[in-house]
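Here are a few friendly notes to read alongside the model. Please have the structure open as you go through the points.

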Amino acid sequence: MDFIPQYLFNGLVVGSSYALIAVGLTAIFGLMQIANFAHGQFYMLGAFMAYWFTRVIGLNFWPAAAASVFAVMLLGILLERTLFRLLRGASLSSSVLATIALSIFLENLALHVWGPRPQKIPSPFEPGGIEALGIFTTPDRLLMLGITAAVVVCLHGALHYTTTGKAVRATFQQREAAALVGIDIDKLYTLTFAIGAGLAALAGVILGMIFVVQPSMGGVATLKAFIVVTLGGISSFAGGIFGGLLLGIAESFGTIIAPSFKDAVGFVLVLMILLYKPDGLFGKWS
Amino acid sequence: MVVMIGPRRSAGIRWAMLPLAAILLILPCLVGIDYYLHVAIVCLVFVILAVSLDLLVGYCGLLSLGHTAFFAFGAYAAALLYLHLGAPLWITLFASGVFAALIAWLLGLLVLGVRGHRFVITTIIFAEIGRLIAYNWTDVTHGQVGLPGIRPPVLSILGVLEIDFASRAAYYYLALAITTVCVAAMWRIAHSPIGWRMVALRENERLTEASGIDTRGIATIAFVLSAFFAGVAGSLYAHYTGFVSPDLFYFTYTTTMLIMVFLGGKGTIVGPVVGAVLFTILPEALRVAADFRLMIFSAMLLVLVVFAPEGLAGLFNRFTGRSRKLTMRPGDA
Amino acid sequence: MLEIDSIAVSFGGVRALRGVSFSAMAKDITSVVGPNGAGKTTLFNIITGFQCPEAGRVTFDGRPVTGWRPNRIAVAGLVRTFQKTEVFGGLTVARAVEIGTICGRPFPLWRTLVLGETQRARDEAEREAAVVLARCGLSDRADQPCAALSYGEQRLLELALALAARPRMVLLDEPASGLNPTEARELGDLIGRVRDGGIGIVLIEHNMQLVMRVSDRIVVLHHGEKIAEGKPDAIQKDLRVIDAYLGGGIRA
């Protein structure tokens with residue numbers, strides 16, 4: 001029983017990264033009605049950019065992290081202005097397939113540039129653990145939690161207290177009406193996309209520092225993000241955050257059964273949700 | 001054997017079919033190098049896979065992205081039946097198909113009640129689960145190592161003539177026969193009232209339901225049928241390569257099938273066939289750029305989906321001044 | 001033929017329908033009217049299986065159909081159209097109506113193996129579709145894609161799709177909405193002809209001229225309740241109805 005807090009904590013750390021990625025996904029889907037199956041690649045690229053800035057360029061962690069997030073946000077803006085603009089109003093099939101193609105492209109690009117071997121981002125902290133309240137952890141894991149908490153607070157504040165934030169919420173609910181009221185949809189989409197990409201990149205930078213960086217992490221992240229969104233509902237940010245944390249914790253406890261069971265946990269949860277709360281023909285209209 | 005009905009294009013297609021059939025039949029003689037026969041056989045397997053996927057994606061409008069799982073389950077079924085019971089191809093073909101169909105039916109109970117991104121992600125997850133099972137259930141599947149030693153059949157006619165299908169040319173003809181039967185069957189289904197219902201489902205699900213058509217039922221039929229043929233393809237593949245492994249569950253296989261469907265033109269039967277042929281030849285032609293293959297292919301898929309979603313069939317129809325989807329008269333290939 | 005008994009349903013705490021009961025005969029055109037938000041489309045959704053009621057029963061042709069799936073109800077002979085135009089966008093008009101005719105004609109898988117079965121089914125569908133299209137005046141648009149039709153033509157197409165299913169009764173949800181007076185009058189004539197052909201009709205409409213002209217009976221809903229039912233003349237004079245329409249009165 002002693003180990004429960006530890007597993008809980010570990011789960012929260014990983015879950016935080018899921019939450020950050022899922023929030024961006026939710027924003028893009030809710031706002032632009034595009035299921036972005038390439039979203040996890042922002043996570044991967046954030047990590048690789050951090051690796052590149054630290055190991056190759058030689059920056060310290062903090063400026064490298066900032067530069068990485070910024071670079072990925074730029075990429076996000078570029079993609080939004082080109083591909084995603086074309087995908088607006090497209091059928092779900094089109095956006096799913098196009099973004100899957102994009103995802104494969106980006107993953108193989110990374111594979112080509114950086115190779116398949118896992119890399120490591122140097123940590124800015126002194127090696128060694130911290131022990132508190134019976135939980136053993138490291139500073140970088142605490143950083144992950146702290147950053148996520150800060151992001152959640154900022155996000156809540158921005159969405160509820162700034163004009164842009166309110167515009168986002170309005171557009172979320174009623175796109176045509178929002179356009180009529182004079183909200184600049186294009187700028188809003190670009191901004192939201194950039195922030196979504198940036199959050200995923202941030203998660204990538206920190207988690208890449210805690211664990212490893214490799215090209216395949218993007219695809220996995222996308223899968224996890226969609227699992228979160230399927231569990232928690234794709235129409236609310238809160239759902240994305242809580243869903244992400246929940247998945248992280250569930251996976252953490254899943255490793256008690258077997259280490260390889262970690263990934264299967266998410267799958268099992270999705271199947272269970274479909275059994276007990278399916279979105280059917282009638283579910284849509286009831 | 002493939003019945004073409006309908007006044008409009010049948011004449012032209014009928015004439016094109018004859019030389020095509022002739023070429024296909026004498027291919028082993030035309031092609032000197034054994035390797036190209038190998039490519040042809042793999043191509044035939046993918047023809048079945050692409051057409052079966054098109055039933056779901058093109059006709060029903062269901063984006064089932066775990067399709068390779070049915071292929072892989074079929075391959076494993078064939079492997080296990082052969083290695084443990086000595087079942088020859090003739091039996092495993094059907095058994096694999098039925099096994100894959102059964103799994104599809106069970107999965108369908110779960111997944112065919114939802115649409116949209118939930119459906120997509122669940123089918124993707126399903127293939128991943130298949131891979132995890134194949135990887136971890138080492139007692140049965142030998143995990144990562146896979147199951148080798150699945151041999152092609154030996155046909156004994158009246159105890160006098162013996163054909164050993166281990167020869168590539170012989171297996172080519174076998175694959176050609178099986179593929180033709182499968183594609184013809186799927187063609188007939190797609191052009192029957194069952195196919196009409198699938199198209200209706202794709203065009204407007206709510207209206208289809210209101211028109212007295214059991215949408216859940218037709219989706220299930222399509223799901224099960226496409227899985228059946230994917231399973232058959234799995235058996236065909238297993239007996240040819242002689243080896244199955246969890247790799248067969250990888251998403252790259254589904255991506256390949258998707259490209260074939262979109263390249264040739266979804267919602268037709270001819271389209272995926274053409275797409276499969278082209279897309280099997282293309283990677284061979286691009287051997288030089290082997291490293292960049294996936295990048296090029298994914299870029300291709302992206303361009304196709306965004307700019308030419310109707311594929312080659314659509315472009316062809318645009319040039320001949322007619323839009324395929326819109327006419328949709330029965331009898332069009 | 002169609003009996004609604006004490007239907008009730010609520011959404012998110014709001015009682016959309018409460019205790020609504022009436023019946024519609026096979027020989028009648030029954031119109032369901034009422035101010036916006038009265039629950040008319042919800043009622044249609046419940047009758048045709050797209051929604052489940054919390055209470056009450058729907059009986060059609062003596063059979064209890066409450067909670068049946070929409071396709072089963074359609075096969076039983078009760079077919080509907082939608083308020084927001086629903087068509088098979090990518091198909092031609094002829095093709096769409098052909099698909100409408102296969103209602104209640106199952107085609108099991110084994111039939112695909114029998115040569116000629118598909119052709120037979122196709123010929124039958126084409127024949128029947130041509131008849132329906134002629135009845136609705138859409139024959140000259142048969143080869144056009146559904147999406148290319150004008151709004152009024154699409155509304156007609158919806159009616160054609162409903163008729164193709166060989167119904168005993170059709171429920172039309174605002175068939176005249178968006179039509180100009182000429183089109184609306186023609187629609188009224190068409191509806192009358194359909195009724196004369198033996199198919200019962202239940203209509204949701206806001207176009208009062210049309211309603212008064214074609215209806216044999218009118219049911220008035222307000223805030224989810226039935227407040228009046230009867231022949232058009234009686235309804236016109238009914239004080240409760242006049243009140244519900246903000247004292248404006250219903251003019252023929």
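1. Ser6(C) is partly exposed, having 13 other C-beta atoms within 10 Å. Here, buried means 20 or more other C-beta atoms within 10 Å of a residue's own, exposed means 12 or fewer, and partly exposed lies in between, with C-beta atoms placed from the backbone. This residue sits in strand β1 (residues 2-11) of chain C; helices (H or I, at least four residues) and strands (E, at least two) are DSSP runs, numbered from the N terminus. The phi of Ser6(C) is positive, near 50 degrees, and the residue is not a glycine. Most residues other than glycine have a negative phi.

2. A word on the model: it is predicted, with local features needing pLDDT of at least 70 and side-chain atom pairs counting only at pLDDT 80 or more, while totals for chains, interfaces and linings use all residues. Residues are numbered from 1 along each chain as its sequence is written, and chains are lettered from A and ligands numbered from 1 in the order in which they are written.

3. His142(B) also deserves a look: its phi is positive, about 60 degrees, although it is not a glycine. You will find His142(B) in the loop between α6 (138-141) and β1 (147-148) of chain B. With 16 other C-beta atoms within 10 Å, His142(B) is partly exposed.

4. Now the interface: 31 residues of chain B are in contact (C-beta atoms, placed from the backbone, within 7 Å) with 30 residues of chain A. On the chain B side, α5(B) gives the largest share, 12 residues.

Technical notes:
Two residues are in contact if their C-beta atoms, placed from the backbone, lie within 7 Å.
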